[in-house]
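Me: I would like to go through this model by question and answer. Please keep it brisk.

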Amino acid sequence: MAALCNQQRVFGIVEITDGSMVYNGFPVIGVVQSTSVFETNHIVAGVDVLADGSTFHNDQPVVGAVEITDGSEIYNNQLVIPVEVLTGALGG
């Protein structure tokens with residue numbers, strides 16, 4: 001059974017260098033840490049931060065992510081996603 005957080009499937013991310021556009025064949029996303037259920041009218045997603053090289057987690061592809069700390073709401077032409085880190089750590 002898949003792990004869930006806030007009634008959504010937890011997804012795996014790999015923290016990568018800012019400026020990268022693609023990881024594992026998917027666009028790199030921007031994430032901001034949150035401890036709420038909702039942040040700026042978006043439901044907070046649960047993530048597991050994985051080791052570089054991971055490609056599949058919780059029955060879905062792993063995506064690359066950059067932690068956003070400057071308040072930006074857009075990264076790589078996408079909305080920044082509020083996340084709750086369930087395992088691992090961002091900023092390391």
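Reply: The model is predicted, with local features needing pLDDT of at least 70, side-chain atom pairs counting only at pLDDT 80 or more, and totals for chains, interfaces and linings using all residues. Residues are numbered from 1 along each chain as its sequence is written, and side-chain values use heavy atoms, leaving out hydrogens and water.

Me: Which residue is the bridge partner of V14 in β12?

Reply: Strands here are DSSP runs of E, at least two residues, numbered from the N terminus. Two strands pair if DSSP finds at least two bridges between them. In β12, V14 has as its bridge partner G64.

Me: Which residue in β12 is the bridge partner of V31?

Reply: Strand β6 (residues 29-33) is also parallel to β12, with 3 bridges. The partner of V31 in β12 is E67.

Me: How many residues of strand β12 are buried?

Reply: Buried means under 20% relative accessible area (1.4 Å probe, protein chains only). Strand β12 (residues 63-67) is largely enclosed by the rest of the structure, because its buried residues number 4 of the 5.

Me: In what order do the strands of the closed barrel run?

Reply: Strands β9 (residues 45-49) and β15 (residues 81-87) pair in the parallel sense over 4 bridges. In β15, G46 has E84 as its bridge partner. The closed barrel has 5 strands with parallel pairing, in the order β3-β9-β15-β6-β12.

Conventions. Buried < 20%, exposed > 50% of the residue type's maximum accessible area, 1.4 Å probe, protein only.
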